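Thanks for making the time this morning.

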Amino acid sequence: MKLRKYWKQLALAATLVVGLGIVAGCGDNSASDTNAAVNKDAKVINVATRGTSKPFSYTDENGNLTGYDVEILKEVERRDPSLHFNFKAMSVDAAFVAMDAGQVDAIANQMRNNPSRAAKYIYTKEINNYTVRRLVVKKGRTDIKSLDDLQGKTVAATTNSEFSELLKKYNETAKAPINIIFTDKGTAETLNLVATGRADAAGEYVYMVTTAQKDRNLPVESVGGVLTDVPTYFILRKDPEMQKVADKIDAQIKKMREDGTLKKLSEQYLGGDYTVKPNAN
C-alpha cells in the first residue's frame, strides 16, 4: 500500500512538473511572438556601420551597438514602426562593396555627399550633423594656429578625407609644402601620431578630439578656427524601394530636429550641438 501511494505521488509530481514546463514554454513563446509581432510587417534595412568609431558608431561597455549615427536610426525606428534597422559592423570600404553586392541596404557612418557617389547612391536630404574640423596639436604647443603655420611641417591626415584634399590644394601654392602622412586607420591613428610627436598636427573633428581626451587621456587639443564644416547624411542603395525608405528617414529626422531630439542626441554623443552650421571662428 505504501509503495502504491508513493508511485501515485511521484506520478502526480511528474504531471505537475510537465504542466509547469508547458506553461513556462507557452509563456516564453508568447513573449517571443509578442516581440516579433511588434515589427512583423516592418521593412528590414541592413545598415553597415563601422562599430569602432566613437562617438558615431561603437560598442558600449554592455556590448550594445550605439553612437550618434546608430541612435538616430534607432529613434527613427521608434517613431516609424514600418522600418527596422539591422546593423552590421564593417569598414566603410567594405560597406560600399557590400552595398554594391546587395548585402546591405544603407551605410551609417558620417557620410559626406559628393557628385560621384550621388550619381550611384541615394543620400538622405536631412543633415545629420556638421563635421567640424580644426587643427589638432600636442597639448601645450603654441606655434601652430593655422594652415600657414604648417608650411614645412609634418601633418597626419586620413586618406580621402576632406582635410587631406584641403592640404593637397594648399600645397599647390605653398612656398614650403606641408609634408603629409596619409593613414587609412582613421582618427585614432592621426591623433596618436600627433600625441607621440611623429606628426606636428592633424585636422580632426572637434568631438573626436574631445572623446580622445576624455576616454584615452590623450595629450592633444584643438586649436585655431574652423577648417571645414561638412554636412553628413545616411546613404542608401539606389532603387525605388530604398528611395521610399530614405523619404521616411528624412521625415522623422525633420521632426526630430523640430522637437529638439536631434540636438539632444548631438549634445549627448558629440558633446555639443553640431546639428546647425557653426560659425567660421
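Let me start with helix α7, residues 206–216, where the buried residues, meaning those under 20% relative accessible area with a 1.4 Å probe and protein chains only, are V206, Y207, M208, V209, T211 and A212. This is a predicted model, in which local features need pLDDT of at least 70 and side-chain atom pairs count only at pLDDT 80 or more, while totals for chains, interfaces and linings use all residues. Residues are numbered from 1 along each chain as its sequence is written, and side-chain values use heavy atoms, with hydrogens and water left out. Helices here are DSSP runs of H or I with at least four residues, numbered from the N terminus.

Turning to its neighbour, helix α6, residues 187–195, packs against α7 at an angle of about 70°, with the axes 11 Å apart. The two helices are therefore roughly perpendicular to each other, a term that covers angles of 65 to 115 degrees. In this contact, which means heavy atoms within 4.5 Å, α6 brings T187, A188, L191 and N192, and α7 brings M208, V209, A212 and R216.

Finally, the pockets. The largest pocket holds about 1,000 Å³ of space, and among its 37 lining residues R50, V92, N109, T158 and G186 lie nearest its centre. Its largest share of lining, five residues, comes from α7. The second largest pocket has a volume of about 210 Å³, and there too α7 gives the most to the lining, with five residues.

How values were computed. Buried < 20%, exposed > 50% of the residue type's maximum accessible area, 1.4 Å probe, protein only. Axes fitted to C-alpha atoms, helices over the stretch in contact; angles between N-to-C directions. Parallel < 35°, antiparallel > 145°, perpendicular 65-115°, else oblique. 1 Å grid on protein atoms, 1.4 Å probe; cavity = no way out; pocket = protein on both sides within 12 Å on 5 of 7 lines; lining within 4 Å. Points joined across faces, edges and corners; volume = space filled by probe spheres on them.
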